[in-house]
Amino acid sequence: METEDFEQVRSAVHDFVRRRVVPLEEQIDREDAIPDQIREACKAMGLFGFAIPEGFGGLGLTMHEECRLVFELGYTTPALRSMFGTNNGIAGHVLLEGGTDDQRAHWLPRIAAGEVVASFALTEPDAGSDPSGLATAGRRDGDDWVLDGTKRYITNAPVADVFMVFARTDPDARGSRGISTFLVPRDAPGVTVGPRDHKMGQFGAWTADLHLDGVRVPHDAVVGGDDGVGRGWSTAMRCLAHGRIHIAALCVGMAGRLVDESVEYARTRRQSGHPIGAFQLVQALVADSVTDYQAGRAVVLQSATAFDDGTDRRVAPSVAKYFCSEMVGRVADRAVQVHGGAGYMRGVAAERFFRDARLFRIYEGTSQIQQLIIARHTIGEAAGD
Ligand SMILES: Cc1cc2nc3c(=O)[nH]c(=O)nc-3n(C[C@H](O)[C@H](O)[C@H](O)COP(=O)(O)OP(=O)(O)OC[C@H]3O[C@@H](n4cnc5c(N)ncnc54)[C@H](O)[C@@H]3O)c2cc1C
């Protein structure tokens, strides 16, 4: 995208987030839902497809541009980004990374327009940090495949129209081998979605179990067609690498908001006849958060550049996700501290973001998994496996 066009999109999203979404944050948290008018406005701004190429109706942002846009989105409830996050990210990217031309042409324009909500279904009850242990089975039956299994904590499952389902198609293969990805429509017989999970935070963003009970799909539902059989693992890993930088950028956006909330409170709350910002120990809390925020921003932009030019799509995404998800946890904790008792109360933004931020260290690979990826790539063979 031309620099000027991108700046227009970024500045429109900046204004939209601050003027229209921030005032609704409390309502979204309380009602666990994004209002329809916000969803429609996001569609109109192209937010369901910012990471999808222009040829398929998306905005076609580079990773670097995407991160700068996500800094803006992260300034408000992460439920906003989650609404279109799977379309742009882990689910939409499955087709970009591994789909056939026909699959891309059929699905991506509708995904980019927000007409279709896509979910990424990898995690299972007994396969989370190590998804290569997945038990969902895909069995060939004539021209069809039959899928059986359960997927857990699937973002947007309650509203999804299509799932990217990872299943083992070679029962004799172990670990990351013999896994394929299937496009499974929500209305396929045998597909059921469980009740919405009752989460700690990020209200307005929904997850649920996905059950596949003898679900029959045609062979052309295999992502990548004939060539895609057995290739699901590498597709999943490439999507997650992109997703990890995206999540890191979201953490930076949230950290920026938490710094603003902390500064505003430090300026206005008074004790002993002074604003609390006059106390050096409060200043230290703010200074540490500003430092964390700026370091996170720098690491995200550097990893985005390395992703775009192809020099590092393995270690840098994990470094960014690990640092920024831990960083926003620290910043949220300090924001609560700056707010004192008020920071522990519902209705105060710092309290809500403190709950929301906790998820970032868990999904799309926990902090421990990022540490393992970083260490294994850095140390090499001596790190073992
Ligand atoms: C709100 C939410 C949304 C999600 N959305 C999706 C989605 O859309 N699609 C999807 O497929 N999944 C999704 N997930 C699943 C998420 O990716 C997993 O929860 C995550 O990968 C961790 O897996 P687990 O919950 O099974 O934890 P476990 O793997 O059981 O981990 C438990 C603990 O053990 C540690 N651990 C595990 N293995 C190791 C190891 N080898 N070395 C060191 N420590 C280890 C972990 O770091 C963690 O601390 C979502 C989860 C949540 C909570």
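**Group meeting: helix packing, domains and a ligand shell**

The crossing of helix 9 and helix 10 is left-handed, a term for a near helix turned anticlockwise from the far one by less than a right angle, with clockwise giving right-handed. By class, this contact of helix 9 with helix 10 has 17 nonpolar, four polar and four charged residues. For the classes, Ala, Val, Leu, Ile, Met, Phe, Trp, Tyr, Cys and Pro count as nonpolar, Asp, Glu, Lys and Arg as charged, and the others, Gly among them, as polar.

Before going on, the ground rules. This is a predicted model, in which local features need pLDDT of at least 70 and side-chain atom pairs count only at pLDDT 80 or more, while totals for chains, interfaces and linings use all residues. Residues are numbered from 1 along each chain as its sequence is written. Helices (H or I, at least four residues) and strands (E, at least two) are DSSP runs, numbered from the N terminus.

Back to the first pair. Helix 9 covers residues 280-308 and helix 10 covers residues 315-338; they pack at an angle of about 160 degrees, with their axes 9 Å apart. Axes here are lines fitted to C-alpha atoms, for helices over the stretch in contact, and angles run from 0 to 180 degrees between N-to-C directions. Helix 9 and helix 10 are therefore roughly antiparallel. The cut-offs are under 35 degrees for roughly parallel, over 145 for roughly antiparallel, 65 to 115 for roughly perpendicular, and oblique for the rest.

Next, helix 1 (residues 3-21) and helix 4 (residues 63-73). Their axes come within 8 Å and cross at roughly 15 degrees, which means helix 1 is roughly parallel to helix 4. This crossing is right-handed. In helix 1, Phe-6, Val-9, Arg-10, Val-13, His-14 and Val-17 meet Glu-65, Arg-68, Leu-69, Glu-72 and Leu-73 of helix 4; such contact requires C-beta atoms, placed from the backbone, within 7 Å. By class, that contact has six nonpolar, one polar and four charged residues.

Helix 6 passes helix 8 in a right-handed crossing.

Now the domains. The protein chain is divided into domain 1 (3-113), domain 2 (118-230) and domain 3 (234-383), with bounds from an automatic or database domain assignment. Nine residues of domain 2 are in contact with eight residues of domain 3. The side of domain 2 that touches domain 3 has five nonpolar, four polar and no charged residues. The C-alpha centres of these two domains lie 30 Å apart.

So where is the ligand? Domain 2 and domain 3 both give residues to the shell around the ligand, so it lies between them. That shell has 21 residues, the closest being Gly-128, Ser-129, Thr-155, Thr-366 and Gln-368; a residue belongs if its C-beta atom, placed from the backbone, lies within 6 Å. Strand 1 (118-121), strand 3 (144-155) and helix 12 (367-379) each supply at least two of the shell residues. By class, the shell has 10 nonpolar, nine polar and two charged residues.

Note on methods
Contact = placed C-beta atoms within 7 Å.
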